[in-house]
Amino acid sequence: MTESAASAAPPLVAHAYSRRVAVVHGPNLNLLGTREPEKYGRVTLPEIDARLRALGAVRGVAIECVQANGEGELVTWIQEAGPRVDGFVINPAAYTHTSVAIRDALLATGKPFVEVHLTNVYAREPFRHHSYLADVAVGRVMGFGALSYDLGLTGLLDRLG
Ligand code: CA2
(Lines give C-alpha, C1' and ligand atoms only; values in the text may rest on other atoms or scores of the structure.)
Protein backbone atom coordinates (compact mmCIF):
# COMPACT_ATOMS: atom_id res chain seq x y z
CA MET A 1 0.00 0.00 0.00
CA THR A 2 1.33 3.41 -0.89
CA GLU A 3 0.74 6.44 1.28
CA SER A 4 -1.59 9.06 -0.11
CA ALA A 5 -0.55 12.67 0.06
CA ALA A 6 -3.08 13.22 2.82
CA SER A 7 -1.88 10.40 5.05
CA ALA A 8 1.74 11.49 4.55
CA ALA A 9 0.95 14.86 6.07
CA PRO A 10 2.11 15.29 9.67
CA PRO A 11 -0.64 14.36 12.13
CA LEU A 12 -2.50 17.21 13.75
CA VAL A 13 -1.91 17.00 17.50
CA ALA A 14 -3.22 19.29 20.16
CA HIS A 15 -0.18 21.00 21.65
CA ALA A 16 0.95 19.74 25.02
CA TYR A 17 0.66 23.04 26.89
CA SER A 18 -2.46 23.52 28.96
CA ARG A 19 -1.45 26.88 30.40
CA ARG A 20 0.57 29.92 29.46
CA VAL A 21 2.52 32.21 31.79
CA ALA A 22 4.28 35.46 30.91
CA VAL A 23 7.57 36.32 32.58
CA VAL A 24 8.29 40.05 32.52
CA HIS A 25 11.69 41.57 33.28
CA GLY A 26 12.08 45.30 33.84
CA PRO A 27 14.85 47.78 33.12
CA ASN A 28 18.53 46.85 33.23
CA LEU A 29 17.86 43.18 33.85
CA ASN A 30 19.28 42.52 30.38
CA LEU A 31 22.65 43.25 32.05
CA LEU A 32 22.37 40.31 34.43
CA GLY A 33 25.51 38.23 34.65
CA THR A 34 27.60 40.86 32.90
CA ARG A 35 27.72 43.71 35.49
CA GLU A 36 27.59 43.91 39.29
CA PRO A 37 27.69 40.11 39.79
CA GLU A 38 28.34 40.60 43.53
CA LYS A 39 24.87 42.16 43.79
CA TYR A 40 22.83 40.42 41.11
CA GLY A 41 24.70 37.16 40.55
CA ARG A 42 26.34 35.55 37.55
CA VAL A 43 23.31 33.98 35.92
CA THR A 44 22.30 35.71 32.70
CA LEU A 45 18.76 36.60 31.66
CA PRO A 46 18.68 34.02 28.83
CA GLU A 47 19.72 31.39 31.40
CA ILE A 48 16.91 32.42 33.75
CA ASP A 49 14.40 32.28 30.89
CA ALA A 50 15.65 28.84 29.78
CA ARG A 51 15.24 27.50 33.31
CA LEU A 52 11.73 28.86 33.56
CA ARG A 53 10.80 27.37 30.18
CA ALA A 54 12.15 24.00 31.33
CA LEU A 55 10.29 24.25 34.62
CA GLY A 56 7.13 25.17 32.72
CA ALA A 57 7.54 22.33 30.22
CA VAL A 58 7.48 19.63 32.89
CA ARG A 59 4.23 21.13 34.17
CA GLY A 60 2.70 21.56 30.71
CA VAL A 61 2.98 25.33 30.89
CA ALA A 62 4.21 27.49 28.02
CA ILE A 63 6.42 30.33 29.20
CA GLU A 64 6.72 33.61 27.30
CA CYS A 65 9.54 35.90 28.39
CA VAL A 66 10.08 39.58 27.73
CA GLN A 67 12.54 42.21 28.94
CA ALA A 68 12.16 45.91 28.30
CA ASN A 69 13.81 49.03 29.61
CA GLY A 70 10.89 51.38 28.99
CA GLU A 71 7.82 51.69 31.19
CA GLY A 72 5.52 52.24 28.20
CA GLU A 73 6.94 49.22 26.40
CA LEU A 74 6.24 47.07 29.45
CA VAL A 75 2.70 48.42 29.79
CA THR A 76 1.96 47.76 26.12
CA TRP A 77 3.39 44.24 26.30
CA ILE A 78 1.37 43.41 29.43
CA GLN A 79 -1.81 44.71 27.76
CA GLU A 80 -1.20 42.56 24.70
CA ALA A 81 -0.22 39.44 26.64
CA GLY A 82 -3.13 39.67 29.09
CA PRO A 83 -5.79 37.90 27.01
CA ARG A 84 -3.53 34.97 26.03
CA VAL A 85 -1.87 34.16 29.36
CA ASP A 86 -3.10 32.69 32.62
CA GLY A 87 -0.81 34.77 34.81
CA PHE A 88 2.41 36.72 35.13
CA VAL A 89 5.70 36.44 36.95
CA ILE A 90 7.17 39.92 37.01
CA ASN A 91 10.36 41.54 38.18
CA PRO A 92 9.60 45.19 37.44
CA ALA A 93 13.12 46.15 38.65
CA ALA A 94 13.28 49.90 39.42
CA TYR A 95 9.67 50.37 38.24
CA THR A 96 8.61 48.34 41.28
CA HIS A 97 9.10 51.47 43.32
CA THR A 98 7.67 54.05 40.93
CA SER A 99 5.15 52.69 38.46
CA VAL A 100 1.43 53.12 38.91
CA ALA A 101 1.17 52.44 35.16
CA ILE A 102 2.53 48.89 35.46
CA ARG A 103 0.28 48.23 38.45
CA ASP A 104 -2.75 49.44 36.46
CA ALA A 105 -1.77 47.40 33.39
CA LEU A 106 -1.46 44.20 35.43
CA LEU A 107 -4.77 44.83 37.20
CA ALA A 108 -6.47 45.54 33.87
CA THR A 109 -5.55 42.05 32.63
CA GLY A 110 -7.52 40.49 35.49
CA LYS A 111 -4.85 37.78 35.68
CA PRO A 112 -2.89 36.84 38.83
CA PHE A 113 0.74 37.78 39.11
CA VAL A 114 3.70 37.09 41.36
CA GLU A 115 6.29 39.79 42.03
CA VAL A 116 9.87 38.54 42.16
CA HIS A 117 13.20 40.16 43.00
CA LEU A 118 16.72 38.85 42.90
CA THR A 119 17.69 40.79 46.01
CA ASN A 120 15.98 41.31 49.33
CA VAL A 121 14.76 44.85 48.78
CA TYR A 122 14.25 45.32 52.55
CA ALA A 123 17.98 44.87 53.10
CA ARG A 124 18.64 47.74 50.68
CA GLU A 125 17.94 51.48 50.51
CA PRO A 126 14.63 52.69 52.01
CA PHE A 127 13.35 53.85 48.61
CA ARG A 128 13.28 50.19 47.55
CA HIS A 129 11.01 49.21 50.46
CA HIS A 130 7.85 50.40 48.76
CA SER A 131 6.31 48.40 45.92
CA TYR A 132 3.38 49.55 43.81
CA LEU A 133 2.55 45.88 43.20
CA ALA A 134 2.87 44.36 46.66
CA ASP A 135 -0.75 44.73 47.80
CA VAL A 136 -2.23 43.36 44.57
CA ALA A 137 0.24 40.52 43.91
CA VAL A 138 -0.64 36.89 44.65
CA GLY A 139 2.70 36.74 46.41
CA ARG A 140 6.23 38.09 46.41
CA VAL A 141 9.54 36.23 46.33
CA MET A 142 12.83 38.01 46.88
CA GLY A 143 16.40 37.55 47.96
CA PHE A 144 17.18 34.21 46.33
CA GLY A 145 18.85 35.46 43.18
CA ALA A 146 17.73 33.69 40.03
CA LEU A 147 15.99 31.09 42.19
CA SER A 148 13.42 33.76 43.13
CA TYR A 149 11.97 33.37 39.62
CA ASP A 150 11.70 29.59 39.90
CA LEU A 151 9.99 29.91 43.28
CA GLY A 152 7.70 32.62 41.97
CA LEU A 153 6.65 30.52 38.97
CA THR A 154 6.08 27.49 41.21
CA GLY A 155 3.88 29.58 43.50
CA LEU A 156 1.90 31.01 40.61
CA LEU A 157 1.31 27.55 39.09
CA ASP A 158 0.16 26.25 42.45
CA ARG A 159 -2.33 29.13 42.63
CA LEU A 160 -3.54 28.49 39.08
CA GLY A 161 -4.22 24.85 40.03
O1 CA2 B 1 16.35 42.71 43.27
C2 CA2 B 1 15.75 42.91 42.20
O3 CA2 B 1 15.42 42.02 41.44
C4 CA2 B 1 15.43 44.35 41.78
O5 CA2 B 1 14.18 44.33 41.13
C6 CA2 B 1 16.55 44.76 40.84
C7 CA2 B 1 16.41 46.19 40.37
C8 CA2 B 1 16.26 47.13 41.56
O9 CA2 B 1 16.00 48.45 41.09
C10 CA2 B 1 15.11 46.71 42.48
O11 CA2 B 1 15.09 47.59 43.59
C12 CA2 B 1 15.33 45.29 42.97
C13 CA2 B 1 17.64 46.60 39.57
C14 CA2 B 1 17.88 45.74 38.35
C15 CA2 B 1 19.20 46.13 37.77
O16 CA2 B 1 19.75 45.00 37.14
C17 CA2 B 1 21.10 44.99 36.91
C18 CA2 B 1 21.66 43.79 36.58
C19 CA2 B 1 23.00 43.70 36.34
C20 CA2 B 1 23.80 44.84 36.44
C21 CA2 B 1 23.23 46.04 36.76
C22 CA2 B 1 21.87 46.12 36.99
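**View 1. R20, E64 and R84 join in a network of salt bridges.** This is a predicted model: local features need pLDDT of at least 70, side-chain atom pairs count only at pLDDT 80 or more, and totals for chains, interfaces and linings use all residues. Residues are numbered from 1 along each chain as its sequence is written, and side-chain values use heavy atoms, with hydrogens and water left out. A salt bridge here is a side-chain nitrogen of Lys or Arg within 4 Å of a carboxyl oxygen of Asp or Glu. The structure holds eight salt bridges.

**View 2. E64 pairs with R20 in a salt bridge.** The N to O distance is 3.0 Å. E64 sits in strand β2 (residues 61-67) and R20 in strand β1 (residues 19-25), so the pair ties together parts that are 44 residues apart in sequence. Strands are DSSP runs of E with at least two residues, helices are runs of H or I with at least four, and both are numbered from the N terminus. Is E64 buried or exposed? E64 counts as buried, at 14% relative accessibility. R20 is partly exposed, with a relative accessible area of 29%. Buried means under 20% relative accessible area, exposed means over 50%, and partly exposed lies in between (1.4 Å probe, protein chains only).

**View 3. K39 and E36 form a salt bridge.** Their closest N and O atoms are 2.9 Å apart. K39 is partly exposed, at 39% relative accessible area. E36 is partly exposed too, at 37%.

**View 4. E125 and R128 form a salt bridge.** Here the closest N and O atoms lie 2.7 Å apart. E125 counts as partly exposed, at 32% relative accessibility. R128 counts as buried, at 18%.

**View 5. Helix α4 packs with helix α5.** Two packed helices are described by the angle between their axes and the distance between the axes. Helix α4 spans residues 71-81 and helix α5 residues 100-109. The angle is about 5°, and the axes are 9 Å apart. That makes α4 roughly parallel to α5. Axes are lines fitted to C-alpha atoms, for helices over the stretch in contact, and angles run from 0 to 180 degrees between N-to-C directions. Angles under 35 degrees count as roughly parallel.

**View 6. Residues of α4 meet residues of α5.** From α4 come E71, L74, V75 and I78. From α5 come A101, I102, A105, L106 and T109. Contact means heavy atoms within 4.5 Å. The residues of this contact divide into seven nonpolar, one polar and one charged. Ala, Val, Leu, Ile, Met, Phe, Trp, Tyr, Cys and Pro count as nonpolar, Asp, Glu, Lys and Arg as charged, and the others, Gly among them, as polar.

Methods
Angles under 35 degrees count as roughly parallel, over 145 as roughly antiparallel, 65 to 115 as roughly perpendicular and the rest as oblique.
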